Amino acid sequence: MHIFEQKQCQTMAEEIRKNTFINEELFEAFCSTPREIFSPLKMHAYRLDALPLMGNQWISSPLTVAKMTMALDFKDADSVLEIGCGSGYQAAILSKLIRRVFTIERIEKLAISAIEKFKKLNYANIHVKFDDGQNGWKNYAPYDRILLSAYIEHIPNILFDQLENNGILVAPLLIGNQQFITKFTKKDGEISKEVLDECLFVPIKDGKE
């Protein structure tokens, strides 16, 4: 990254840290990931705002990315599956923290665009699949962590089946008329649930486009 980009990334990371707790590893991930490459609105790339993408999708606020990532308790995780690649920014952050990142996108243009960005940045540990993410990615299961980047009312059992024992799944869950970052932990086949912060995501959709 250029020095100017590095300064912008660091300023954004410091703003995130003022608003929510992030550990040093995640702070460094934000500092070393140029958000403007993933954002269609370059001038606003380093603000703590969600920004529009093609296909009525959004690139999440960096603050939301921080909260979702911290909820994963990623320290000892070796693999993570993301449902909803979108711009690729969340996957890029995860790639600095977890050895293997698998991400699924149902909109083909977004999937192709994300692959191109990862290649440009030489992120070799991110694997992208164009598919309906609600079916997961069985080939590389089980995953230590699973992250949904679109809100859902109920988690499909197939995703819990692809979660490793002692694994964690984090999703924006619709509860009533509000969305909440929700953390699910799998232990000995049982799933426990913890509701965290309120959030705002686009809905998960069926099929591919």
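In the predicted model, ring pairs join Phe30, Phe38, Tyr89 and Phe118 into a cluster. Over the whole structure, a search finds 8 aromatic pairs. One of them is formed by Phe30 and Tyr89, whose ring centres lie 6.5 Å apart with 40 degrees between the planes, a tilted arrangement. Because Phe30 belongs to helix α2 (residues 24–31) and Tyr89 to helix α4, this pair ties together parts that are 59 residues apart in sequence. Phe30 and Tyr89 are both buried.

A further pair consists of Phe102 and Tyr140. The centres of these two rings are 4.6 Å apart and the planes meet at 25 degrees, so the pair is classed as stacked, the limit for that class being under 30 degrees. Phe102 is part of strand β4, whereas Tyr140 is in the loop between β5 and β6, so this pair ties together parts that are 38 residues apart in sequence. The two partners can also be described by their accessibility. Phe102 has a relative accessible area of 2% and is therefore buried. Tyr140, at 40% relative accessibility, counts as partly exposed.

The loop that holds Tyr140 also contains Lys138, and runs between β5 (126–130) and β6 (143–148). Lys138 counts as exposed because its relative accessibility is 69%, and the cut-off for that class is over 50%. The C-alpha atom of Lys138 is 9.2 Å from that of Leu159, a residue 21 positions away in sequence.

Helix α3 has 10 residues, 9 of which are buried, so the helix is largely enclosed by the rest of the structure. The buried residues in α3 are Pro62, Leu63, Thr64, Val65, Ala66, Met68, Thr69, Met70 and Ala71. At the N-terminal end, α3 is capped by Ser61, which has a side-chain oxygen 3.1 Å from the backbone nitrogen of Leu63. Just after the helix, Asp73 adopts a positive phi of about 45 degrees.

Phe74 is located in the loop between α3 (62–71) and β3 (79–83). With a relative accessible area of 5%, Phe74 falls under the 20% limit and is therefore buried. Leaving aside residues up to four places away in sequence, Phe74 touches Asn23, Glu25, Leu26, Thr69, Leu97, Ile98 and Arg145. Among these, Thr69 is one of the buried residues of α3. For Ile98, which is 24 residues from Phe74 along the chain, the C-alpha to C-alpha separation is 6.9 Å.

Open space in the structure was also examined. Rolling a probe the size of a water molecule over the atoms shows where empty space is left.

Key. Residues are numbered from 1 along each chain as its sequence is written. This is a predicted model: local features need pLDDT of at least 70, side-chain atom pairs count only at pLDDT 80 or more; totals for chains, interfaces and linings use all residues. Side-chain values use heavy atoms; hydrogens and water are left out. Helices (H or I, at least four residues) and strands (E, at least two) are DSSP runs, numbered from the N terminus. Buried means under 20% relative accessible area, exposed over 50%, partly exposed in between (1.4 Å probe, protein chains only). Contact means heavy atoms within 4.5 Å. A polar contact is a pair of N or O atoms within 3.5 Å; within protein, one must be able to donate a hydrogen and the other to accept it, and residues adjacent in sequence count only if both atoms are side-chain atoms. Rings of Phe, Tyr and Trp (its six-membered ring) pair if their centres lie within 6.5 Å; planes under 30 degrees apart count as stacked, over 60 as edge-to-face and the rest as tilted.
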